[in-house]
Amino acid sequence: MNQTLDQARARYAFTRVSPADEQFVLKLPQMIRAYGLGQTLAFLLAEEKNKAQADLVYQALEGWLCGDPDHDHPMRVYANSGDLIHQLGNGSRTQYQFAQEEALVLAGWMKRMVETADAGMGGGSDAPAVP
């Protein structure tokens with residue numbers, strides 16, 4: 001069964017975030033809009049107080065944007081697996097803009113999943129897989 005791109009994003013977000021990530025996930029779309037993807041990633045990498053949650057959010061973005069495109073990750077911007085922030089610095093301006101747009105849309109889905117989980121409707125990494 002073919003899924004739409006939004007369904008793929010929702011599925012990915014559903015499996016990658018939990019209410020424990022709320023501190024960063026709820027602010028993520030606004031941070032990307034206000035500061036850009038590069039600055040947002042730098043903030044996540046520099047976070048020391050809640051490093052584990054910041055790292056999970058960073059890894060979720062990296063997993064969606066880096067690597068070879070496949071059925072579960074159709075919108076990977078950077079073909080090479082590796083550190084997303086380095087990929088941003090070494091890629092083209094077009095890639096950066098596309099990565100930022102895609103990260104913003106994915107961040108919106110991540111935020112919805114955390115809000116849904118907070119409302120007691122499931123979601124998160126220990127929830128059952130979405131069909």
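**Exercise 1.** In this predicted model, which residues is Leu-65 in contact with, leaving aside its neighbours within four places in sequence?

*Solution.* Step 1: contact requires heavy atoms within 4.5 Å. Step 2: set aside the neighbours within four places of Leu-65 in sequence. Step 3: list what remains, namely Leu-37, Met-75, Arg-76, Val-77, Tyr-78, Leu-84, Ala-99, Glu-102 and Ala-103.

**Exercise 2.** Which residues touch the most other members of the largest nonpolar core, and which elements give two or more residues to this core?

*Solution.* Step 1: the core has 34 residues. Step 2: the residues touching the most other members are Leu-28, Leu-37, Leu-44, Leu-61, Leu-65, Leu-84 and Met-110. Step 3: two or more residues come from each of H1 (5–16), H2 (22–25), H3 (28–35), H4 (37–46), H5 (51–65), H6 (84–90) and H7 (93–118). Step 4: the element that gives the most is H7, with eight residues. In soluble globular proteins, nonpolar side chains tend to be buried together.

**Exercise 3.** Where does Asn-50 lie, and what is it in contact with, leaving aside its neighbours within four places in sequence?

*Solution.* Step 1: Asn-50 is in the loop between H4 and H5. Step 2: beyond those neighbours, Asn-50 is in contact with Gln-23 and Phe-24. Step 3: from Asn-50 to Phe-24 there are 26 residues in sequence, and 9.3 Å in space from C-alpha to C-alpha.

**Exercise 4.** How many helices and strands does the protein chain have, and what percentage of its residues count as buried?

*Solution.* Step 1: the chain has seven helices and zero strands. Step 2: buried means under 20% relative accessible area; 42% of the 131 residues count as buried.

Note on methods. Residues numbered from 1 in each chain as written. Predicted model: local features only at pLDDT ≥ 70, side-chain atom pairs only at ≥ 80, totals over all residues. Heavy atoms only, no water. Helix = DSSP H or I, 4+ residues; strand = E, 2+ residues; numbered from the N terminus. Buried < 20%, exposed > 50% of the residue type's maximum accessible area, 1.4 Å probe, protein only. Core = buried A, V, L, I, M, F, W, Y, C linked by side-chain atoms within 4.5 Å.
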